[in-house]
Amino acid sequence: MTYFADKHEPASPGPNVSPPRWTLAPGMSSWSVSPRKIISFVLAMALVYYLNASMPVSKPHKAQRPSYLTEHLFYNSTVLPHAAFQPPEALPHRHADVVDTFASFKYRNTCNISSLDLHSLFAPLCTDRKSLLAAMSSGGRIGHDAPYMPRECDMRWFSTEEICEILARFEKVIILGDSMMRHVVGSLNVLIRKDLGYGAVTDWNFSPEERQDCFCNYQFNVKACSVQGIFKTGDVVKNDPESLACPANTIDVIIEQMIRFPIPSEELDRLRALLPAKKPTRPYAFVFGHGLWNDLDLQATLDWLDTLLDVTVNQAPWLGSLSQPVVSHARSRGIPAAATRGERSKQASGFWPRLFLTPNAAGKAKPDEWLVSQGNKALMIFEESVREEIKRKGVEHLGTWNMSIQSNKFDGVHLDLRGNLVKAMMVLNWLNMLEVENF
């Protein structure tokens, strides 16, 4: 065997020439082991080990809330004496509250809507869901269509990036109800598509007439644009995925329209199809809305809710075990026993977040024939009654009468884009407060 060193060894080394060393072929650097190199190698490996140990382990399937909801943050607050409202906390997560989060949205200038026109911020922020829901339900406006303010403590106005993160904590957000609830889904799509002009509607298949009739505020015109509304984010993913600001396959929001009681069997079958029999990796959240289609009949609304709770917990047993049924309002009216087990749903042991939204306030365009049965007096009584009754079912309540009484409405019932964006943000604040880490 001939080595490279042998070929280039001097023919007759002199007496002071050292024995030949091993050398490498041309283009290769020499390498030898020395104490310095050993120490450098050990230090480098120690640094790699330290960095690997200090980095958090990625848990993509474990939903978590941000630290400002789970840890107490200290800050130097500025208190203005005799001021009706205190300035917002100087905390990083309130940055989106003080800027126009719609600045980069499509048709921002054409639609002429700023997030600062919709919500007036102040301190302190609500720190739990009970105070948050009470504040949002009892808040109001200082003037017609003025920015909305909760009462006593404030809610957040989230950026689109924050909204994506909130919705991604859930396997699915299921919204059940009427056209007012469909508009909540539409407003969520406006926010996650960053499109004030057509974010709530299926603009990917619009005719020129539809692009004119369903633009900006008129996306929620039930006479011209109800069929064109987006019912689920899955349709956006399928037909216009580039319009979604959220990472691919991270969110799933859907509405099933169930407008009156008794609920048709085919509508209940569609709900069952949305619910897995096995526990998913992330929780489900449910948002309900009902009332006007049963003429604000409190008993019919409670029976409607009982039926949906019963179907849900029986189709998805991972939500928790239930105790024995009790006599319900539905049974007292001759409704089959299968529709009564929602009465015991409050005792479900699983993580089962549920929110009920009562209807908007009536506007001046409300038809005269409905002013007694569905006027503002009836709506206020209905909201208060629903709030008290659904507590026994373990369902939380968000009232929208105060928020909507000074808002624009197309037909005396349905809010325009501005009002629906506020309502959607209220729902997002509730979702943000849910203890998903307990799932």
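**Entry 1: overall**

I started with burial: 49% of the 439 residues of the protein count as buried. Buried means under 20% relative accessible area, exposed over 50%, and partly exposed in between, with a 1.4 Å probe and protein chains only. This is a predicted model, so I kept its limits in view: local features need pLDDT of at least 70, side-chain atom pairs count only at pLDDT 80 or more, and totals for chains, interfaces and linings use all residues. Residues are numbered from 1 along each chain as its sequence is written, and side-chain values use heavy atoms, with hydrogens and water left out.

I looked up the surface next. The protein has an accessible surface of about 22,300 Å². Carbon and sulfur atoms hold 56% of that. The areas come from the Shrake-Rupley method with a 1.4 Å probe; for residues, only the protein chains shown count as cover.

I counted 16 helices and 7 strands. Both are DSSP runs numbered from the N terminus: helices are H or I with at least four residues, strands are E with at least two.

I then checked contacts, meaning heavy atoms within 4.5 Å. Among those between residues at least 6 apart in sequence, 75% join residues at least 24 apart.

**Entry 2: disulfides**

How many disulfides does a search of the whole structure find? I got 4. A disulfide here is a pair of cysteine sulfur atoms within 2.5 Å. Counting bonded cysteines along the chain, the pattern is 1-6, 2-3, 4-8, 5-7.

Cys111 is joined to Cys216, S to S 1.8 Å. The link is left-handed, with -75° about the S-S bond. Cys111 sits in helix H4 (residues 108-111) and Cys216 in the loop between helix H8 (208-213) and helix H9 (222-225), so the pair ties together parts 105 residues apart in sequence. Cys111 is buried at 13% relative accessible area. Cys216 is buried too, at 9%.

Cys126 bonds to Cys153, with S to S at 1.9 Å. The S-S torsion is about 90°, so this disulfide is right-handed. Cys126 is in the loop between H4 and helix H5 (129-138), and Cys153 is in the loop between strand S2 (148-149) and helix H6 (160-167), so parts 27 residues apart in sequence are tied together. I found both Cys126 and Cys153 buried.

Cys164 pairs with Cys246, S to S 2.0 Å. The torsion about the S-S bond is about -80°, so this disulfide is left-handed. Cys164 lies in helix H6, while Cys246 lies in the loop between helix H10 (233-239) and strand S4 (253-257), so the pair ties together parts that are 82 residues apart in sequence. Both Cys164 and Cys246 are buried.

**Entry 3: strand S4**

I followed the chain on to S4. In which sense do strand S3 (residues 172-177) and S4 pair, parallel or antiparallel? They pair in the parallel sense, over 5 bridges. Two strands pair if DSSP finds at least two bridges between them. Val173 has Val253, in S4, as its bridge partner. In S4, 4 of the 5 residues are buried, so the strand is largely enclosed by the rest of the structure.

**Entry 4: Ser404**

Last, I looked up Ser404. It lies in helix H15 (residues 401-404). Is Ser404 buried or exposed? Ser404 is buried, at 0% relative accessible area. I left aside its neighbours within four places in sequence; Ser404 then contacts Asn360, Ala361, Lys409 and Leu415.
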